[in-house]
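Biologist: I would like to learn how to read a model like this one. Please take me through it feature by feature.

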Amino acid sequence: MTEVMENSAKTMDQKPGYKLTKLGWIPEDWEMEQLDFVTPNGEKYGIVDGPFGSNLKTIHYRNSGVPIITSGYVTEGVFHADEYLYVDQELFEREKRSSVKGGDIVMAKIGARCGASAILPKDHQTGILSGNALKISVDETRHSNFYVWSWLWYLYQTRKIELLKTVGAQPAISMSSLKKYKLPIPPLPEQQKIAQILSTWDKAITKTEELIKQNQKRKQGLMQQLLTGKKRFREFDKSWQVLKVKEVADVDKESLGSNTATSYSFRYISLSDVEDGRVSNSLPTLEFGLAPSRARRIVKKGSVIMATVRPNLQGFAKIKSDENDLIASTGFAVLDVRENFSSNYLFHYLFSHHMTKQIDSLIVGSNYPAINSKEVKNLKINIPSYSEQQKIASVLSSADQEINSLQNQLGKLKEQKKGLMQKLLTGEVRVKID
C-alpha cells in the first residue's frame with residue numbers, strides 16, 4: 001500500500017480530475033473500452049466459446065493429444081487441473097476457432113459458477129475449450145491480461161457479472177453482452193502497476209492456501225497414527241477398548257418439548273451452520289414459538305454435534321465451553337460425553353477414516369442421505385485410557401489451532417484484496433508509476 005496515493009477529492013457531485021461513467025467516477029485519463037477492443041487487432045476469435053455440443057462429444061475424447069480446457073479448472077480464480085481429457089489433432093483443426101493458448105483468460109460460460117475465470121498459465125500447451133467455457137485473448141502490447149482478468153474476477157465476486165447472464169434453463173454468460181461490456185482502462189504502465197500490486201496479494205493467498213493444505217495433510221497423518229494406536233506416547237502402555245458411542249456418550253438425551261415456555265429464546269444451529277468442525281459465529285436467535293419444528297436438540301457446553309443428514313458432507317463440531325442457550329436441528333445427533341471420557345477425543349475420532357467408513361456403510365437415501373440416532377449409538381470407537389485420550393486430543397487440537405489460524409489469515413488476505421481491487425480498478429486510489 002506504500003505504492004499508492006489516495007485521491008484527495010471527497011465530494012461525490014464534483015471530483016476534479018475524474019469523469020462520471022456508468023461504473024461511477026474514473027480518472028479523466030482513463031478510457032472506457034469494450035471488452036472485445038482489448039483483444040489483438042485482426043484476431044477474429046479473440047473472445048470465443050467452446051464448440052457446439054454435437055461437435056465435441058465423449059466419443060471424441062482421447063488419452064493424449066490436444067487438452068480440453070473446461071470450466072471446472074477455473075472456478076476458484078486460479079487455473080488448476082489434476083488431469084485432462086484430450087482430442088486428436090484432426091478434430092482440433094476443425095474446431096480451431098475454439099483454441100485457447102497460454103496467457104488467455106478462461107471463463108466458465110454455463111452453470112452455477114458461470115462468470116468465474118482464471119488465466120491459463122503462459123507455458124501451458126495450446127488446448128481446445130469445452131462447450132461450457134469461453135476464452136478472452138488480450139493484446140498485451142496495449143493491455144495487461146492480469147488487469148483485465150482482475151476486473152472480470154471483481155465483477156464475479158461482487159455479483160455484477162449477473163448483468164452479463166442470459167435467462168434460461170441454467171445460468172449462462174451472454175457472449176454478445178460480454179463482448180460489449182465496457183471496462184475502465186488506464187494507460188498500460190498503470191495497468192501493469194495495478195496488476196503487480198494485486199498479484200502480490202494473490203501470491204500471499206496462494207502461499208497461505210498451500211500451508212493450509214500441508215497442515216491438513218499433516219493432521220490427517222497424525223489422526224491415522226494416533227487414533228488407531230499405531231503410534232503411542234511412551235508413558236502409555238495399557239490396552240485399548242472398542243466401545244460403542246452409547247457406552248461413551250448420551251445421544252439426544254434432551255429435547256425441547258411442546259410444554260416449553262413460549263418466551264424461551266435460543267440460538268439455532270442448522271446444518272448449514274457447521275463446517276470444518278466449527279459452528280458459525282453468527283447463529284440466529286429465535287423464540288421457541290417461532291422456531292422451525294425441527295429445532296429440538298438441546299445442546300450444552302462441551303457437547304459434540306454430529307450431522308445425521310448428509311453426515312460426511314455437513315460434518316461434526318464441538319461446542320465451546322462458554323456457549324449456552326443452543327438448540328440444534330433434528331438433522332444432528334447431540335452427544336454428551338460421560339465422565340472418564342474426553343469429548344475432545346470423541347470429536348476428533350468422528351473425523352477419522354475408521355468412523356467415516358462406518359458411517360458410509362450405514363447411509364440410506366440418495367437425494368437426502370442420512371443415518372438415524374440408533375445407528376449413531378452403535379458406531380464403534382477405539383478407546384484408550386482417559387489420560388491417553390486427553391493427550392491425543394491435545395496434539396490434534398494444537399494441529400487444529402494452527403489450521404484455524406491460517407484460515408483466519410487467509411480470510412483477511414482475501415478481504416484485503418477485495419477492498420484493494422475496488423479502489424485500484426476504479427482509480428479511486430491511483431498508483432505511483434516509477
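Biologist: Where is Arg159 found?

Modeller: Arg159 is found in the loop between helix H2 (145-157) and strand E13 (165-166). Helices (H or I, at least four residues) and strands (E, at least two) are DSSP runs, numbered from the N terminus. Before going on, note that this is a predicted model, where local features need pLDDT of at least 70, side-chain atom pairs count only at pLDDT 80 or more, and totals for chains, interfaces and linings use all residues. Residues are numbered from 1 along each chain as its sequence is written, and side-chain values use heavy atoms, with hydrogens and water left out.

Biologist: What is the phi of Arg159?

Modeller: Arg159 has a positive phi of about 65°, although it is not a glycine. Asn340 is another case: its phi is near 75°, again positive in a residue other than glycine. Asn340 sits in the loop between E26 and H7.

Biologist: Is Arg159 buried or exposed?

Modeller: Take the cut-offs: buried means under 20% relative accessible area, exposed over 50%, partly exposed in between (1.4 Å probe, protein chains only). Arg159 has 63% relative accessibility, so it counts as exposed.

Biologist: Where does Ser397 lie, and what is it in contact with?

Modeller: Contact means heavy atoms within 4.5 Å. Ser397 lies in helix H10 (residues 386-424). Leave aside its neighbours within four places in sequence, and Ser397 is in contact with Asn344 and His348.

Biologist: How do I read the sides of a helix?

Modeller: An α-helix has 3.6 residues a turn, so residues three or four places apart point the same way. Now take helix H8 (residues 353-362): Met355, Thr356, Gln358 and Ile359 are buried there. These residues cover an arc of only 155° around the axis, which puts them on the same side of H8. The arc is that of the directions from the helix axis to the C-beta atoms.

Biologist: Which residues are exposed on the other side of H8?

Modeller: His353, Lys357 and Ser361 are exposed there.

Biologist: Next, salt bridges. What is the idea, and how many are there?

Modeller: Side chains of opposite charge can pair when their charged atoms come close. The rule used is a side-chain nitrogen of Lys or Arg within 4 Å of a carboxyl oxygen of Asp or Glu. By this rule the count comes to 23 salt bridges. One of them pairs Asp250 with Arg338, with the closest N and O atoms 3.0 Å apart.

Biologist: Which parts does the pair of Asp250 and Arg338 tie together?

Modeller: Asp250 lies in strand E17 (residues 249-251), and Arg338 in the loop between strand E26 (332-337) and helix H7 (343-350), so the pair ties together parts that are 88 residues apart in sequence. Asp250 is partly exposed at 22% relative accessible area. Arg338 is partly exposed too, at 35%.

Biologist: How should I read a sheet?

Modeller: Start with pairing: two strands pair if DSSP finds at least two bridges between them. Here four strands form an open sheet in the order E7-E6-E11-E8, with mixed pairing. Strand E7 (86-87) and strand E8 (99-100) stand at the edges, each with a single partner strand, so one side of each is left without a neighbour in the sheet.

Biologist: How many bridges join E6 to E11?

Modeller: Two bridges join strand E6 (residues 66-69) to strand E11 (residues 127-129), and these strands run parallel. The bridge partner of Ile69 in E11 is Leu129.

Biologist: Now the whole protein. How many helices and strands does the secondary structure come to?

Modeller: Ten helices and 28 strands. Along its principal axes the C-alpha trace spans about 75 × 60 × 50 Å. Of the 434 residues, 48% count as buried. Among contacts with a separation of 6 or more, residues 24 or more positions apart account for 76%.
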